[in-house]
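Open the model in your viewer and keep the selection tool at hand. The stops below say what to select next and what is there.

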Amino acid sequence: MKDETIAKKKLTINDIKNKKGIEPIVMITAYDALFAKIFDDYADVILVGDSLNMSFNMKESTLSADMNTMLYHTKAVCAGAKKTFILADMPFGSYTNEKQAIKNAMKFFKQTNADAVKLEVGMHQANLVKRLCEEGINVMAHIGLKPQFFKFEGGYKIKGRSELEAKRLVEEALAFEQAGAFGILLEGTLSKVASEITRQVRVPVVGIGSGVDVDGQVLVWSDMLGFFEDFKPKFVKRYLDGAALVRKGVQEYASEVKSKIFPSSEFCY
């Protein structure tokens with residue numbers, strides 16, 4: 001396949017908002033400088049997701065990720081990605097009220113080069129989002145399936161199955177747009193509902209497991225590149241069998257070390 005490296009300048013909030021209905025937004029997660037640098041030429045947005053708690057730290061959920069962890073990884077990603085718009089996840093328990101949310105969101109803007117934060121929110125938090133925006137903090141509102149709520153809901157539940165729930169999701173998206181959110185991340189939602197939300201709001205809607213009729217897509221890098229093997233959600237397409245490639249390389253290295261094939265004269269001073 002032809003290498004489609006995209007020459008680009010540093011993307012801003014306006015660049016992302018202006019893609020609505022014009023060009024699909026490519027979002028991918030990253031947790032370190034190395035992979036962020038690789039993704040920098042291809043992604044519009046890099047999400048420093050609290051998903052790192054599962055794929056990077058092998059925890060059972062995202063819930064134990066904390067501010068120090070998210071700040072550390074956001075700094076690393078910002079060091080590697082120089083052109084991509086950087087979106088940082090606010091971890092569970094870091095925005096339970098307006099004062100706490102502003103204090104913690106400010107840390108991403110003061111201590112890292114993140115361009116925006118993402119919060120898993122419900123209708124009752126529309127004013128919280130509004131207050132963050134009033135303080136100059138770019139906010140993406142995460143609605144639909146919210147992983148930080150998996151214990152409360154008894155699992156990861158697909159959203160939009162009932163007419164009432166679909167109506168509520170549309171109302172939430174409109175409320176967060178009105179509150180000042182620059183975009184919506186819509187997870188685990190029926191495609192027809194996601195399409196209707198995208199049609200009704202004027203800000204970009206980035207989907208994950210929410211069909212094709214949205215303004216962009218996001219996947220967790222270790223899922224899409226085949227490094228995380230514990231399970232594969234239905235919405236994940238694996239573009240590479242990364243774990244197998246790494247195993248093969250490490251196996252060959254170990255074999256050559258044991259047999260003293262490596263290092264040969266080519267690799268010696």
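Select K260, which comes after helix α11 and has a positive phi, near 60°. The model you are looking at is predicted.

Now step back to the helix itself. Select residues 242-258: this is α11, with 17 residues. From its first C-alpha to its last, α11 reaches 24 Å, close to the 24 Å expected at 1.5 Å a residue.

The next stops concern aromatic rings. How many aromatic pairs does the structure hold? There are ten aromatic pairs in the structure.

Start with F150 and Y156. Their ring centres lie 5.1 Å apart and their planes meet at 5°, so this pair is stacked, the cut-off for stacking being under 30 degrees. Is F150 buried or exposed? F150 counts as buried because its relative accessibility is 15%, and buried means under 20%. Y156 has a relative accessibility of 41% and therefore counts as partly exposed.

Select Y253 and F262 for another aromatic pair, this one edge-to-face. The two centres are 6.1 Å apart, with 65° between the planes. F262 has a relative accessible area of 34%, so this residue is partly exposed.

Then select F35, F39, W221 and F227 together. Ring pairs link these four residues into a cluster.

For the last stop, select K146 and F149. Where does K146 lie relative to the ring of F149? K146 lies over the face of that ring, at 4.5 Å from the ring centre.

Key:
Residues numbered from 1 in each chain as written. Predicted model: local features only at pLDDT ≥ 70, side-chain atom pairs only at ≥ 80, totals over all residues. Heavy atoms only, no water. Phe/Tyr/Trp six-rings, centres within 6.5 Å; stacked < 30°, edge-to-face > 60°. Buried < 20%, exposed > 50% of the residue type's maximum accessible area, 1.4 Å probe, protein only. Lys NZ or Arg CZ within 6 Å of the ring centre and 35° of its normal. Helix = DSSP H or I, 4+ residues; strand = E, 2+ residues; numbered from the N terminus. Expected span 1.5 Å × (residues − 1).
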